[in-house]
Amino acid sequence: MQIDPFFQVPLHSHPTSRGAVELPVLLKEGDCMNAMFLCQLDRVRQQLEGTGLEPALTLGQQTLVSLVMFDFVQTSIGPYRTLVLSVPVWRESGFRPRSPWRGLFVAADHRHMGFYTLCAPSNTLASTTSGRELWGFPKKLASPTLRTEVDTLLGTLDYGPVRVATATMGYNH
């Protein structure tokens with residue numbers, strides 16, 4: 001059997017509380033869905049207290065929030081699904097562009113904005129533990145799904161028996 005050259009990148013073992021994880025995690029095949037929506041500005045500011053960051057993309061008393069669902073089919077740590085809820089942010093003090101919305105389309109090395117991850121539930125211990133302990137993401141074990149239903153991409157998030165999020169998007173394959 002021939003080994004896929006993609007997975008021949010040298011890996012290095014890093015310890016976690018659940019055992020060693022081989023890094024870098026190689027992500028070869030998967031699907032994703034990104035939904036952006038507006039959320040109450042004061043609630044997002046509460047989530048950012050103490051970080052030195054504030055929401056960057058606002059409209060009146062609302063701010064943009066991003067929800068991305070991933071279904072990683074083929075990776076170096078096995079298949080897993082994760083959801084990432086993040087908010088575009090910048091430092092509380094410092095440079096502010098005249099048009100923060102334009103910052104979404106500026107090259108990364110010229111950008112003054114980043115995305116702060118508010119939560120990132122995942123469905124495997126390997127992705128949850130490595131994300132939390134090695135990269136500092138707010139990972140929790142949960143049951144995110146991402147699948148195609150006829151001509152619709154359907155993403156869900158369950159914590160135990162409780163459905164906490166559902167997202168849909170038109171889809172052409």
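**Exercise 1. Find which residues lie nearest the centre of the largest pocket, and how many residues line that pocket.**

Solution. Start with the lining: it has 16 residues. Nearest the centre lie Phe72, Tyr80, Thr82, Phe137 and Lys139. Next, the elements. β6 (62-75), β7 (80-91) and α2 (125-135) each give two or more residues to this lining. α2 gives the most, with four residues. Helices (H or I, at least four residues) and strands (E, at least two) are DSSP runs, numbered from the N terminus.

Before going on, note that this is a predicted model, where local features need pLDDT of at least 70, side-chain atom pairs count only at pLDDT 80 or more, and totals for chains, interfaces and linings use all residues. Residues are numbered from 1 along each chain as its sequence is written, and side-chain values use heavy atoms, with hydrogens and water left out.

**Exercise 2. State the volume of the largest pocket and sort its lining by class.**

Solution. A pocket is an open set of points on a 1 Å grid over the protein atoms alone, where a 1.4 Å probe fits, with protein on both sides within 12 Å along at least five of seven lines; lining residues have an atom within 4 Å of a point. The volume is the space filled by probe spheres set on the points, which are joined across faces, edges and corners. Here that gives about 310 Å³. Now the classes: 10 nonpolar, five polar and one charged. Ala, Val, Leu, Ile, Met, Phe, Trp, Tyr, Cys and Pro count as nonpolar, Asp, Glu, Lys and Arg as charged, and the others, Gly among them, as polar.

**Exercise 3. Place Val150 in the chain, then decide: buried or exposed?**

Solution. Val150 lies in the loop between β9 (143-149) and β10 (152-159). Its phi is positive, about 55 degrees, although Val150 is not a glycine. Now apply the cut-offs: buried means under 20% relative accessible area, exposed over 50%, partly exposed in between (1.4 Å probe, protein chains only). Val150 has 71%, so it is exposed.

**Exercise 4. Which residues does the cis peptide bond join?**

Solution. The bond joins Leu23 and Pro24, with omega about 0 degrees. Pro24 sits in the loop between β2 (19-23) and β3.
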